[in-house]
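Thanks for coming. Please have a look at it first.

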4 protein chains.
Amino acid sequence: MIAEISVVPVGAGESVSRYVAEVLKVIRSRNLKYELSSMGTSVELDNYLELGELLQEIDDRLVEMGVGRVYMVVKIDSRVKGGSIEQKKESVMEKL
Amino acid sequence: MIAEISVVPVGAGESVSRYVAEVLKVIRSRNLKYELSSMGTSVELDNYLELGELLQEIDDRLVEMGVGRVYMVVKIDSRVKGGSIEQKKESVMEKL
Amino acid sequence: MIAEISVVPVGAGESVSRYVAEVLKVIRSRNLKYELSSMGTSVELDNYLELGELLQEIDDRLVEMGVGRVYMVVKIDSRVKGGSIEQKKESVMEKL
Amino acid sequence: MIAEISVVPVGAGESVSRYVAEVLKVIRSRNLKYELSSMGTSVELDNYLELGELLQEIDDRLVEMGVGRVYMVVKIDSRVKGGSIEQKKESVMEKL
């Protein structure tokens, strides 16, 4: 299962990079395989319960930083047969 | 906390309404306040752990129906001071 | 073609309802069939060029209001055979 | 302006990589700066009209390939002062 997480702190200024950096620190602290892109961070997870715990920790960290409102967009690609971040990209690149 | 959930079964035919109906049944079975729109279903939740459990139950149901790949888009609006589906809509309507 | 538009003004305060109200005014001024939900506004459009013009007008309005950064999430459901906001919801409700 | 585009062909089989490869070919044919990730492709654009044209060309290509229903998720980050894909990532990485 791959989940791409985009976090937008609302009412915390126009520059959000220091908050996004904290999101990455949370992800790294959980030893998850991840991929940073300009519009979100994709992570490999075992299931949705793990996703819920990760999102809760991210939200808690932003609230600790004084963010009063967190807007998130999470896109999930879950296949019964599984699939990794690298496999998805390779299967596209080889068809170019 | 409000989460809007959009589910796209991949490889399960062009019409997806019977799958979306199952998503609604899962949400209803958990007695959650919800709002159905043409592009997703918004629910009021206490936290992200509850979200993870809900998404897991939805995915499990779709897999039971034979869906091999589930694509989801979840948009989350989480405020420290809280906020309901109705309050959000009212605060917009009164400014029209 | 149905597009659900969610707009998050970044760095313009925690309450965003007055901006969302402006988005609705832009949509209404273009006589589009729309559906307001707590997490976005769905509109019926003919094609993606019309979508581009609508989004540009929305962004211009928010910039006029002093918003320096606009984050949008647009979800699009485009079927060759077409489909309306009401048809999508009815096809789900009748299967409950 | 940065737009991340995710395309899900609906009813066209569980594997979608050949369609995503076509999306990339369309983007490349327009000489846009882009970034491929496992969950979408981010592009740098001048405005929303250009975005509308790009999405239309992508949809047309998929319909030519026989896709009857296209689901897209487009996330947009538009700043009055501008900003590139690389600048966004650098401003996060330097805060880690």
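By what turn and what shift along the axis can chain D be laid on chain B? Keep in mind that this is a predicted model. The turn is 180° and the shift along the axis is 0.0 Å, and the superposition gives an RMSD of 0.0 Å. The two copies are therefore related as by a two-fold rotation axis. If you want to find that axis from chain D, look for Gly11(D): its C-alpha is the one in chain D nearest the axis, at 2.7 Å.

Next, the surfaces of this pair. Of the interface residues of chain D, 100% are also interface residues in chain B, so the copies meet through the same surface.

Now to chains C and D. Eight strands form an open sheet here, with antiparallel pairing. Reading across, the order is β2(C)-β3(C)-β1(C)-β4(C)-β4(D)-β1(D)-β3(D)-β2(D). At the edges sit β2 (34-37) of chain C and β2 (34-37) of chain D, each pairing on one side only. On average, neighbouring strands in this sheet are turned by 15° against each other, direction ignored.

One pairing in more detail. In chain C, strand β1, residues 2-10, runs antiparallel to strand β3, residues 40-44, and four bridges join them. Which residue of β3(C) is the bridge partner of Glu4(C)? That partner is Ser42(C).

Last, a helix. Helix α2 of chain C, residues 48-64, lies across β1, β3 and β4 of chain C, together with β4 of chain D. Against β4(C), this helix runs at about 160°.

Definitions and conventions:
Residues numbered from 1 in each chain as written. Chains lettered and ligands numbered in written order. Predicted model: local features only at pLDDT ≥ 70, side-chain atom pairs only at ≥ 80, totals over all residues. Heavy atoms only, no water. Least-squares fit on C-alpha atoms with pLDDT ≥ 70 in both. Contact = heavy atoms within 4.5 Å. Pairing = 2+ DSSP bridges. Helix = DSSP H or I, 4+ residues; strand = E, 2+ residues; numbered from the N terminus. Axes fitted to C-alpha atoms, helices over the stretch in contact; angles between N-to-C directions.
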